Amino acid sequence: MPITKGPLSHIRIVDLTQAYSGPFGTMLLGDLGAEIIKIEPPVGDMMRFGEKQVNPSQAYALSLGRNKKSIVLDLASSAGKKTLYDLIKISDVIMSNNRADVPKRQGTDFETLKKINSEIIRCNITGYGETGPCIDYPAYDITACGYSGILSISGEPGRSPVIPGGVALADMAGGIFAAFSVLAALVKRAQNGKGMKVETNLLDGMLVLQQVIFQKYFFKNQEPGHQGKRHTLISPYGIYKTCDGFIAIGASDSNKVVDLVGLEWMLKDERFKDTPARLANEAEFDKFFEKALQ
């Protein structure tokens, strides 16, 4: 059921998105109360996997479809295009996630739509931007992760990269930054009464998430490598094995954690007395620390 009393309850969004990143972005705006009108082609969103019944394969469509209304339109037909344009006349935002050339070819680019509604905000999420050498490349979450370099820091040292967090991180970041940008455009429109074009892409989102990693590189002039399960600046901080599973440890005072697990003698040992010392002797410290936890 759509949220009707949120801060965006006066905003109507035409949703041409598909797959993950775009639907995630519109879902977030729907969570804030915006009226989301999800438009699907006759074959349905690609994430329905061709299924016509509710089953586990529809997890994507179901989880990303909350707070949305739905309509089927064939935008290749004159009737479907006319219906879309009629919706644009009474809407505030239109969102999609397509390659840069698709909106123009589809007749849903900002230059076309602003003639129908001068206040419309047009947002499109691409894989790698609307200019540059990869403008025509299609993108999925994992390819954007790979191209951004985040896979080079995801996983254990010496082992294969892993999908960060086991979630569609690039798609989710793309959706979040698209929603963020639409909100900014709505604020700007409230000031000048004009619509605008908004561009976001999966690659930029993944680069933003690696800002700290970049700064470490600039300081050390050293490629970071897989980050594993430990923090590079604090110790102890990370994921540690215990007698019955694993524990995530993060504390404002790491010395208190060392004392708490019964290793108070370390605080008087030059090798382990503080975080810099423990990081310099990390392998030896971890051996004592995990033994105490177990």
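Author: Let us begin with contact, which here means heavy atoms within 4.5 Å. Please keep in mind throughout that this is a predicted model.

Reader: Which residues does Asn 98 touch, leaving out those up to four places away in sequence?

Author: With those neighbours set aside, Asn 98 touches Gln 18, Asn 124, Ile 125 and Thr 126. Asn 98 itself lies in the loop between strand S4 (93-96) and helix H4 (102-106).

Reader: Is Asn 98 buried or exposed?

Author: The general idea is a cut-off on relative accessible area, with buried meaning under 20% and exposed meaning over 50%. Asn 98 has a relative accessible area of 15% and is therefore buried.

Reader: Where is Asn 281, and how does its accessibility read on that scale?

Author: Asn 281 is placed in the loop between helix H11 (275-280) and helix H12 (282-293), and its relative accessible area of 26% makes it partly exposed. Asn 281 touches Arg 271 and Phe 272, once residues up to four places away in sequence are not counted. The C-alpha atoms of Asn 281 and Arg 271 are 6.5 Å apart in space, while the two residues are ten residues apart in sequence.

Reader: How many residues of helix H1 (residues 21-31) are buried?

Author: Nine of the eleven residues of H1 are buried, so that the helix is mostly covered. The buried ones are Ser 21, Gly 22, Pro 23, Phe 24, Gly 25, Thr 26, Met 27, Leu 29 and Gly 30.

Reader: At what angle do H1 and H7 cross, and how should I describe that angle?

Author: The axes of H1 and H7 come within 7 Å and cross at roughly 45°, which makes H1 oblique to H7. The crossing in which H1 passes H7 is right-handed. On the H1 side the residues in contact are Ser 21, Phe 24, Gly 25, Leu 28 and Leu 29, and these meet Asp 171, Met 172, Gly 175, Ile 176, Ala 179, Val 182 and Leu 183 of H7. By class, this contact of H1 with H7 divides into eight nonpolar, three polar and one charged residue.

Reader: How does helix H6 (residues 141-148) cross helix H7 (residues 169-192)?

Author: The axes of H6 and H7 come within 7 Å and cross at roughly 90°. Angles of 65 to 115 degrees count as roughly perpendicular, and H6 and H7 are therefore roughly perpendicular to each other. The contact is made by Asp 141, Ala 144 and Cys 145 from H6, together with Leu 169, Ala 170 and Asp 171 from H7. Four nonpolar and two charged residues take part in this contact of H6 with H7, and no polar ones.

Reader: Which residues have the most contacts inside the largest nonpolar core?

Author: A nonpolar core is built from buried nonpolar residues joined through side-chain atoms within 4.5 Å. The largest one has 27 residues, and Ile 13, Leu 29, Val 93 and Met 95 have the most contacts inside it. Strand S4, strand S5 (121-126), H6, H7 and helix H8 (202-208) each supply at least two residues of this core, and H7 gives the most, with seven residues. A second, separate core has 14 residues, including Leu 16, Leu 75, Leu 84 and Leu 87.

Reader: What does Met 95 touch, with residues up to four places away in sequence not counted?

Author: On that count, the residues touched by Met 95 include Ile 13, Leu 29, Cys 123, Ala 178 and Val 182, and also Thr 17, Thr 26 and Arg 122.

Reader: What is the phi of Ala 19, and what is the phi of Asn 221?

Author: Ala 19 has a positive phi near 60°, in a residue other than glycine, and Asn 221, also not a glycine, has a positive phi of about 55°. Ala 19 is in the loop between strand S1 (12-15) and H1, and is buried, with a relative accessible area of 17%. Asn 221 is in the loop between H9 and S7, and counts as exposed at 61% relative accessibility. As for a glycine, Gly 33 follows H1 and has a positive phi near 110°.

Reader: Which peptide bond is cis, and where is its proline found?

Author: The peptide bond from Ser 235 to Pro 236 is cis, with omega near 0°. Pro 236 is found in the loop between helix H9 (211-220) and strand S7 (238-242).

Notes: Residues numbered from 1 in each chain as written. Predicted model: local features only at pLDDT ≥ 70, side-chain atom pairs only at ≥ 80, totals over all residues. Heavy atoms only, no water. Axes fitted to C-alpha atoms, helices over the stretch in contact; angles between N-to-C directions. Helix = DSSP H or I, 4+ residues; strand = E, 2+ residues; numbered from the N terminus. Parallel < 35°, antiparallel > 145°, perpendicular 65-115°, else oblique. Nonpolar A, V, L, I, M, F, W, Y, C, P; charged D, E, K, R; others polar. Buried < 20%, exposed > 50% of the residue type's maximum accessible area, 1.4 Å probe, protein only. Left-handed = near helix turned anticlockwise from the far one by under 90°.
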